[in-house]
Amino acid sequence: MPVSRRTLAVAFTACLALSLSACGSGDDGGGSTDASGKVEGDITFQTWNLRANFKPYFEGVIADFEKKYPGTHVKWVDQPAEGYADKISADAAGGTLPDVVNVSPDLVAPLAKAGLALDLDKAAPQYKKEYLAGAWASHEIPGMTGTYAFPWYLNTGPLFYNKSLFEEAGLDPDQPPKTYDELFADALDLADKSDGEVATLANVPTIEDFGRYGVELMNKEGTVFSFNDAKGVELLTKYKELYDAKALDPQALTATPESSGKKFLTGAVAMNPGSALDLGNFKKQAPNLYKNIGITDQITSTGHVNMYVMGVMVNAQTKKTPAAVAFAHFVTDAEHQMSFAKQVAIFPSTAGSLDEPYFTKEDGTDETRVRVAAAKSLKNAVNYTPVLFSEQMKTALRNEIAKALQGKESPREALDNAVEACDRLLQQQG
């Protein structure tokens with residue numbers, strides 16, 4: 001299962017310019033948005049790099065669906081992680097998009113704009129209450145009304161911190177920072193008490209940090225970005241203060257998750273995001289760190305942590321709308337999401353599922369420590385990354401942030417330039 005989901009290729013904008021009959025799958029005339037008819041017929045279901053590890057699971061789900069709805073047949077196709085966005089682009093342009101498609105919000109956006117993603121608020125509004133509000137909203141598209149995919153599995157990560165480093169700086173190791181204001185204050189204390197030897201963070205702020213800080217990232221119409229407002233400038237100014245005080249690791253400008261992890265492992269960094277796998281590594285490679293490890297929620301000034309969400313989209317041009325909607329719902333209902341979550345370290349997006357003992361009861365293992373902490377924070381989490389924010393935009397923002405931290409531009413100039421670059425890229429998307 002891929003760790004990151006790349007945005008659709010720029011080439012996909014060609015599909016947006018085509019007529020819906022050219023972009024859609026099936027025969028002439030497009031599909032029906034009416035999902036209330038009899039569930040029957042043949043449909044195709046496409047997943048994203050899941051066959052290798054979960055073949056028996058999906059074959060079982062399909063068999064159960066076909067048993068529940070006699071007269072249906074589901075053909076399962078699985079695409080590799082590499083080139084998945086390009087594959088969807090080609091299928092959309094060629095009229096061969098499957099009936100039910102595994103997507104992430106950034107992949108759904110151009111499909112919805114092209115009229116290829118079924119609006120579930122119109123076609124299947126009765127299902128909305130079955131999902132967490134934030135998960136359902138994650139497949140809304142700025143500038144459009146509607147929701148364009150069923151939420152499927154979620155993920156998030158807690159924040160690890162080194163209790164001994166906090167204690168050495170005179171900070172309460174059992175009261176880690178929760179908000180950005182608390183984080184900045186503690187980080188400056190840690191840097192001061194350690195003469196700049198211990199940084200609290202090892203990464204520059206991302207678009208998610210601006211969201212968690214409470215910055216309005218774009219306008220409601222989805223036509224321009226707005227993270228260069230006063231609050232955005234305030235956040236970057238604070239990071240500049242951390243960088244100058246060595247409270248932000250000097251190598252943060254070029255940091256990778258691997259390099260940040262190594263810094264945390266050696267005690268050069270006090271806080272780092274992670275997973276249950278990291279706890280196992282700490283136990284083997286850094287037993288002293290493992291003994292002093294703290295687990296807390298992501299830093300946020302909004303009260304909502306960030307979540308990553310995957311979805312299941314119904315092709316608006318399908319000829320078998322009732323069957324396609326029924327299957328997309330079947331795959332993502334509470335029973336099947338719970339079953340999937342017990343096979344892989346993900347979390348269900350269905351309402352009430354995170355209250356199950358599997359996500360609330362610790363049994364003394366590292367795995368459950370992290371699972372319980374993450375599940376608790378997911379109940380009211382949101383997907384902060386705008387669905388229209390591409391990889392190129394992330395690079396543009398990172399480059400401007402680096403200039404601000406190095407003093408080559410003011411935080412205001414850097415964010416103004418980043419917004420200008422991102423708006424230009426947004427216009428190129430069509």
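**View 1. Strands β3 and β8 pair in the antiparallel sense.** In this predicted model, four bridges connect β3 (residues 100-103) with β8. Valine 103 stands opposite glycine 311 of β8. Strand β8 itself spans residues 308-314 and is mostly covered. Six of its seven residues are buried.

**View 2. Strand β4 also runs antiparallel to β8.** β4 covers residues 150-155. Four bridges join β4 to β8. Asparagine 155 has tyrosine 308 as its bridge partner in β8.

**View 3. Three strands form an open sheet in the order β6-β5-β7.** The pairing is antiparallel. β6 (271-273) and β7 (293-296) stand at the edges with a single partner strand each, so one side of each has no neighbour in the sheet. Neighbouring strands here are turned by 30° against each other on average, direction ignored. Between β5 and β7 there are four bridges. Phenylalanine 160 has isoleucine 295 of β7 as its bridge partner.

**View 4. Phenylalanine 160 and phenylalanine 282 form an aromatic pair, one of 31 found in the whole structure.** The pair is edge-to-face. The ring centres are 5.6 Å apart, with 80° between the planes. Phenylalanine 160 sits in strand β5 (residues 159-162), and phenylalanine 282 in helix α13 (residues 276-285). The pair therefore links distant parts of the chain, 122 residues apart, as the strand and helix are DSSP runs numbered from the N terminus. Both phenylalanine 160 and phenylalanine 282 are buried.

**View 5. Phenylalanine 210 and phenylalanine 227 make a tilted pair.** Their ring centres lie 6.1 Å apart, and their planes meet at 50°. Phenylalanine 210 belongs to helix α10 (residues 207-213). Phenylalanine 227 lies in the loop between α10 and α11 (230-244), so the pair ties together parts that are 17 residues apart in sequence. Phenylalanine 210 and phenylalanine 227 are both buried.

**View 6. Ring pairs link a set of aromatic residues into a cluster.** Its phenylalanines include Phe45, Phe54, Phe58 and Phe65, as well as Phe327, Phe330 and Phe340. Among the tyrosines are Tyr57, Tyr69 and Tyr153. Trp76 and Trp152 belong to the cluster too.

**View 7. Lysine 342 and arginine 371 each lie over the face of tyrosine 358.** Lysine 342 is at 5.5 Å from the ring centre. Arginine 371 is at 3.7 Å from the ring centre.

Definitions and conventions. Residues numbered from 1 in each chain as written. Predicted model: local features only at pLDDT ≥ 70, side-chain atom pairs only at ≥ 80, totals over all residues. Heavy atoms only, no water. Phe/Tyr/Trp six-rings, centres within 6.5 Å; stacked < 30°, edge-to-face > 60°. Helix = DSSP H or I, 4+ residues; strand = E, 2+ residues; numbered from the N terminus. Buried < 20%, exposed > 50% of the residue type's maximum accessible area, 1.4 Å probe, protein only. Lys NZ or Arg CZ within 6 Å of the ring centre and 35° of its normal. Pairing = 2+ DSSP bridges. Axes fitted to C-alpha atoms, helices over the stretch in contact; angles between N-to-C directions.
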